[in-house]
Amino acid sequence: MKKIKRGISLIDQHDKNGFWGKFGGNFIPETLKKPVEDLAILFEKLRKDKKFIYEKDYHFKNWVGSPTSFIKLENLTNYLGGAQIWAKVVSEANGGAHKIYNATVHSLIAKKAGKKYIVGDTGAGYAGKMLSMAAKKFGLKCKIFMGVKDIKRQKPNCDAMKKNGAEIVPVYTGSQTLVDAVSECMRYWVSNCDTTHMCVGSTVGPNIFVKICGWSTSQISKELLIQIKKEFGKIPKKIKLINCVGGGSSSFGFWNEFMHYSKKQVEFIGVEAGGPKNSKRHAAPLTYGSKIGILHGAAQYVNQDTEGQIEETESISAGLDYPGVSPLHCFLKDIKRARYTAATDEEALSAYQLVTKYENLNPSLEPSHAFAEAIKIAPKLSNDTVIIVNSCGDAQKDRDILKERLG
Ligand SMILES: *Cc1c(COP(=O)(O)O)cnc(C)c1O
């Protein structure tokens with residue numbers, strides 16, 4: 001496949017083995033094949049079920065808080081000159097970020113499957129926190145797999161998970177971070193899938209998990225399409241949708257409904273975590289041309305050394321700190337539908353300072369990477385260009401690190 005077909009979401013344009021071009025698939029042990037297949041069948045049924053869709057929309061509206069605002073950053077626009085800068089304030093969603101969409105949908109699926117337990121992985125702790133919120137809301141018992149290194153450095157999120165009644169399962173293997181937490185979680189699921197549903201926290205993992213997550217976060221672009229039409233009367237001639245990319249769920253969800261516009265009209269820009277300035281470490285497998293490898297059941301660009309060992313990532317923003325990236329984005333890069341770049345820790349911090357100086361918006365360090373790119377390109381563009389940044393997280397969670405770095 002070289003091009004995106006019109007009229008069908010990209011999540012459904014994989015081949016019969018689950019690949020988008022060279023990416024994705026199902027690299028899973030034999031024992032996982034049946035539960036993964038069962039989940040795929042159930043999901044296909046549910047997404048066509050009017051009652052299920054009604055239920056999902058009801059909870060998105062009344063619990064998650066949809067739609068989130070679409071606002072113009074008038075002061076920042078005037079200061080920078082050039083393109084108009086707008087924000088989709090997804091951080092208004094319950095829990096302060098987009099991960100709640102995926103967590104909600106997985107919890108609803110678990111209920112329909114008759115499962116009493118839900119398990120998930122987390123690195124920085126936000127996927128875990130959001131899943132524990134959704135599990136509590138929908139009456140499921142929740143276990144979160146988390147590397148011990150992350151448990152030590154993410155105490156507030158661990159406290160939140162416990163408060164929501166979730167059990168945190170410490171992972172001692174490998175680098176004791178997210179990569180290992182996902183692996184352990186999958187291992188646990190193999191032996192417990194009769195009673196337990198598994199949630200993967202981003203558009204990564206075996207094919208069906210990429211699809212469920214992408215389907216859930218697409219709520220963002222569904223809302224945005226309506227909001228743009230209302231604001232401008234039609235879709236403007238030049239739009240740039242800028243989003244940070246970790247696993248790729250917020251960015252995919254932000255772009256999905258615009259996939260069929262020409263890239264001249266709607267450009268997608270994904271901003272990865274470039275890590276500290278003057279350091280070789282980063283979390284930007286798309287930008288720095290990493291090789292294709294298999295991670296968590298799918299083929300994708302992965303940060304790896306010459307022997308194929310996963311390389312440790314580094315970024316100021318915990319949410320972007322992942323060595324791989326969604327097969328959907330690997331595919332969009334290969335067909336050149338999206339452009340990927342990286343912002344350094346320092347650039348993200350300066351962007352945070354500039355945005356908060358001019359606007360009543362408090363973007364977390366992840367979307368601050370996206371703002372860094374917007375700030376870079378806006379002055380060179382004309383005023384009829386509309387830049388929209390997905391402000392997908394609230395900086396409340398980054399309080400300590402912001403204080404440490406900025407005083
Ligand atoms: C987890 C997270 C990300 C990165 O994950 P994606 O799947 O790329 O969206 C980005 N921003 C925030 C606020 C997050 O919590």
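Which residue takes a positive phi in the hairpin of β11 and β12? The views below are taken from a predicted model.

**View 1. The hairpin of β11 and β12.** Histidine 296 takes a positive phi near 50° in this hairpin, where 2 residues lie between the strands. Strand β11 covers residues 292-295, and strand β12 covers residues 298-301. The two strands pair in the antiparallel sense, with 4 bridges between them. Opposite isoleucine 292 stands tyrosine 301, a residue of β12.

**View 2. The two faces of strand β11.** The side chains alternate along this strand. Gly293 and Leu295 point to one face and are buried.

**View 3. Domain 1 and domain 2.** In the domain assignment of the protein, domain 1 consists of 27-60 + 99-214, and domain 2 consists of 65-96 + 220-406. Their centres, taken over C-alpha atoms, are separated by 24 Å.

**View 4. The interface of domain 1 and domain 2.** Here 26 residues of domain 1 are in contact with 33 residues of domain 2. The two domains bury about 2,200 Å² between them, and 63% of this area is on carbon and sulfur atoms.

**View 5. Polar contacts and a salt bridge across the interface.** The rule finds 1 salt bridge between domain 1 and domain 2. Glutamate 312 forms a salt bridge with lysine 149, and their closest N and O atoms are 3.6 Å apart. Across the interface, 9 residue pairs are in polar contact. On the side of domain 1 that touches domain 2, α2, α4, α5, α8 and α9 each supply at least two residues. Helix α8 gives the most to this side, with 5 residues.

Notes:
Residues numbered from 1 in each chain as written. Predicted model: local features only at pLDDT ≥ 70, side-chain atom pairs only at ≥ 80, totals over all residues. Heavy atoms only, no water. Buried < 20%, exposed > 50% of the residue type's maximum accessible area, 1.4 Å probe, protein only. Pairing = 2+ DSSP bridges. Domains from an automatic or database assignment. Contact = heavy atoms within 4.5 Å. Buried area = accessible area lost by both parts, 1.4 Å probe. Salt bridge = Lys/Arg side-chain N within 4 Å of Asp/Glu carboxyl O. Polar contact = N/O pair within 3.5 Å; in protein donor to acceptor, adjacent residues only side chain to side chain.
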